[in-house]
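Reader: I am new to this one and would like to go through it slowly, one place at a time. Could you start with how the elements are named, and then take my questions as they come?

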Amino acid sequence: MATTERPEPRGLGDRLYDALFHNYVWRSIFRSGYPNTPRNQMLVVATNVFLHLHPTRIHRTHVKITHTYCLGGLSFFLFLGLTITGVLLMFYYVPSVERAYEDILHLHTDVRFGFLMRNMHRWMAHGMVIMVLMHMMRVFYTGAYKPPREFNWVVGVVLLVLTLLLSFTGYLLPWDQLAFWAITVGTNMVGSAPILGPPNKFVMIGGFEVGAGALIRFYTLHVIALPLLAATFMAVHFWRIRRDGGLARPL
Amino acid sequence: MVATTPETAAASAAVRQKARRQRDEELLVWPDLVFVEFIAAMVFLLAITALSITIDAPLLDRANPAVTPNPSKAPWYFLNLQELLLHMDPALAGVVVPTVALVALGAIPYYDRSNEGQGEWLSTPNAWRLTWIGSAVGSIGSILLVLFDEQIHVRLFTGLTGSAWPSSLNWIRNARSIQNDLPWPEWMRSIPLGNVLRTDLLGLPKLDLALNIPELFVSQIIPVSLMIGLPIILSIVLWKTGEAKTRRDHMIAQFSGFIAVYIVLTIIGTAFRGQGMELLPPWEVKMPIS
Ligand code: HEM
C-alpha cells in the first residue's frame, strides 16, 4: 500500500521498518503504514474506528488547550475509566442488603488493589460530575450552542442528567450510613411532590423506604441501564459534532 | 455545463482561494490533536491514581434505618436543592425547580439563535462585564436571601443598638414569621378544598385537602416570585442601562447568575450547614467527606 513512500537507498533501519510495519500481518490489521508521513497520518485517522471519532484535519485554534481545556474529552475519558474500574468492582460486589457493605469492606482488606479500584471509581465519579459541568460552561461561554449546534446542546443536557443519575445511583451501593441517608434524603425530595410524588418515589426505590428493593433497582440502573443510555447519547453527541462541521468557529 | 464567464471564473477562484486559506489553517489530527488528548489522559490518570492511593473513599458504619445521622445530607451536587428545601415547599425545591432549570438550560439555543459570539471565548463586546455582573448578582443575591432567612438583620439590629427587635416588625424576622406573626384572618389558614372542588359529585372520594393561604404564600408564592422575578429584574436593568443589547448578552448574564447561585448554594449546603441544618461557620460543621 504505502511502499512508494520509501525510495532507495535502503539501510538496516528501513528494512527493519518495512519488516515491522509493512508485513502481511500488520497490514491485515492496520490498513496504513506507521503514521509518520502526512498520508499515513490521515489514513490512520480515517480507517481506524476509534480515531475516526475525529476528522482527519482540524482547525488550529481547536488544538489550543485553552479553547476546550479538553473538558469534553476528559469527561469521556473518565466515563471509560469508570467503566473499567466498575467492571472490576462488579467481580466482588453483590447487591444484597446482607452482603453489600461487607463486600465493600473486603475490597479494602482482602482484595489485592481492591482499595485502589474502589477509590479510583469514587474519585473519578465525582470528577466526572465536575468535568461535565465545566464542559457545559466552556460550551456556553464559547457560544458553541449556536446554530447548527442547538440540538447537540440538548443532547448535552441529557448527558448531564444521566451523569448525575449515574452518580446518584452509585451512591447507594456501599450501603453505609452515608449512602443510605443521602438516598433517603434525595428520594424524599421526589416523594414530597403532591399526588405524583409518592407513587414516583415508590417506583424509584421499590418500596416505601430505602431497602433491598432500592438496592437492586439502583444497582441495575447503575451498572447496565444508565451506562448503556449514556454511551448511546455520547455516540449521538460525538456524531453530531462531526455532522455539525466540527467544533464551532467564529463566522 | 454552465458557460464560464469572467464573473463566474472570478467567483470560483475566490471560493477556491478561501478553501485553500482554510486548509492552511488546519492541522492533522494525528499527531497534533491525538498528542494533546494522550497527554491530558495520562496527566489525569496519574493524578487520579495518586489521589486514590492517598485518600480513601469514605465508608461509614453499616446502613441503619434506625439511626438517623444529624445532619443527613444528599450527595454534594444536590445540596443546592437541599438548601432550597429549607426555605420553601419541598415539592417546589425538589421537583419543580430542578425540572424548570433543566428545561430552561436546554432551551438556551432556541432562544438565542444568532451566531454572535460563536466559537470564541466571551468574544462579544460586553461579554466579560456581563459575566461578572451576572455572577455577582447571583452570588450576592442568594447569600443575602439565605442570611435574611437566618434573621441576620435582627441579630445585627440587636448587636448594634443593644435593644430588641421591635415587636411590631416581628413578622419580618424571616420567611416563616410572615406566616406566623402577621394577623392573617383565621379562616385563611384552613380552607377545605373539598367544599370548593366537589369531586364527590363526580362519584370520586371527597378531597381531603385544606388550603393554608399564609403557608402557601410563604412556601410557594414568595419563593416562586423571587426565583422568577429577580432574574427578570436583572435583565430589565441591564437592558435599560444599555449593558445588555442582544439575546446573547442577556443569556450570558442569566447563565452566569444561574451558575453562581448553583455554586453558592452548593457551598452553603456542604460547608455551612451543621446539625439540624443550622447555618454555622465551616469549622463547626462536621463534613461527611463524600
Ligand atoms: C457525559 C457528558 C459529556 C461528554 C462525554 C461530552 C463530550 C464532548 C466532547 C468530547 C466534545 C468535543 C469538544 C470538547 O472536548 O469540548 C463535546 C462538544 C460539545 N458538547 Fe459535550 N459532552 C458531555 C456533556 C455535554 C453537556 C452537559 C453539554 C451542554 C449542555 C454539551 C454540549 C456540547 C456541545 C454544544 C459541543 C460542541 C462544542 C463546539 O462545537 O465547540 N456536552 N462534548
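This is a predicted model: local features need pLDDT of at least 70, side-chain atom pairs count only at pLDDT 80 or more; totals for chains, interfaces and linings use all residues.

Author: Helices here are DSSP runs of H or I with at least four residues, and strands are runs of E with at least two, both numbered from the N terminus.

Reader: OK, and what is the peptide bond from B:Asn70 to B:Pro71 like, cis or trans?

Author: That bond is cis, and its omega is near 0 degrees. Another cis peptide bond joins B:Trp30 and B:Pro31, where omega is about 15 degrees.

Reader: And where does B:Pro31 sit?

Author: B:Pro31 is in helix α2 of chain B, which covers residues 29-54.

Reader: Staying in chain B, at what angle do α4 and α9 cross?

Author: Helix α4 (residues 90-111) and helix α9 (residues 247-271) of chain B cross at roughly 160 degrees, and their axes come within 11 Å. Angles over 145 degrees count as roughly antiparallel, and so α4(B) is roughly antiparallel to α9(B). The crossing of these two helices, α4(B) and α9(B), is left-handed.

Reader: Which residues meet there, between α4(B) and α9(B)?

Author: From α4(B) come B:Ala101, B:Leu105, B:Ile108 and B:Tyr111, and they meet B:Arg247, B:Met251, B:Phe255 and B:Phe258 of α9(B). Sorted by class, the residues of this contact between α4(B) and α9(B) are seven nonpolar, no polar and one charged.

Reader: Switching to chain A, how is it divided into domains?

Author: Chain A is divided into domain 1, residues 12-53, and domain 2, residues 64-243. The centres of domain 1 and domain 2 of chain A, taken over C-alpha atoms, are separated by 38 Å.

Reader: How do α6(A) and α12(A) pack, then, at what angle?

Author: Helix α6 (residues 71-90) and helix α12 (residues 212-243) of chain A pack at an angle of about 155 degrees, and their axes are 12 Å apart. They are therefore roughly antiparallel to each other, and the crossing of α6(A) and α12(A) is left-handed.

Reader: And what meets what in that pair, α6(A) and α12(A)?

Author: On the α6(A) side there are A:Phe76, A:Phe79 and A:Met90, which meet residues of α12(A) including A:Tyr219, A:Val223, A:Pro227 and A:Phe238. The contact of α6(A) with α12(A) has 10 nonpolar, no polar and no charged residues.

Reader: What about α7(A) and α8(A), how do their axes cross?

Author: The axes of helix α7 (residues 100-109) and helix α8 (residues 114-141) of chain A cross at roughly 120 degrees and come within 6 Å. In that contact A:Ile104, A:Leu107 and A:His108 of α7(A) meet A:Gly114, A:Phe115, A:Arg118 and A:Asn119 of α8(A). By class, the residues between α7(A) and α8(A) are three nonpolar, three polar and one charged. In the loop between α7 and α8 of chain A lies A:Phe113, which is not a glycine and yet has a positive phi of about 60 degrees.

Reader: Last topic: how many residues does each chain give to the contact of A and B?

Author: Chain A gives 83 residues and chain B gives 79. The area buried between chain A and chain B is about 7,500 Å², and carbon and sulfur atoms give 71% of it. Within chain A, the residues that lose the most area to chain B are A:Trp123, A:Tyr141 and A:Met189, together 11% of what that side buries.

Conventions. Residues are numbered from 1 along each chain as its sequence is written. Chains are lettered from A and ligands numbered from 1 in the order in which they are written. Side-chain values use heavy atoms; hydrogens and water are left out. Axes are lines fitted to C-alpha atoms, for helices over the stretch in contact, and angles run from 0 to 180 degrees between N-to-C directions. Angles under 35 degrees count as roughly parallel, over 145 as roughly antiparallel, 65 to 115 as roughly perpendicular and the rest as oblique. A crossing is left-handed if the near helix is turned anticlockwise from the far one by less than a right angle, and right-handed if clockwise. Contact means heavy atoms within 4.5 Å. Ala, Val, Leu, Ile, Met, Phe, Trp, Tyr, Cys and Pro count as nonpolar, Asp, Glu, Lys and Arg as charged, and the others, Gly among them, as polar. Domain bounds come from an automatic or database domain assignment. Buried area is the accessible area (1.4 Å probe) that two parts lose on being put together, summed over both.
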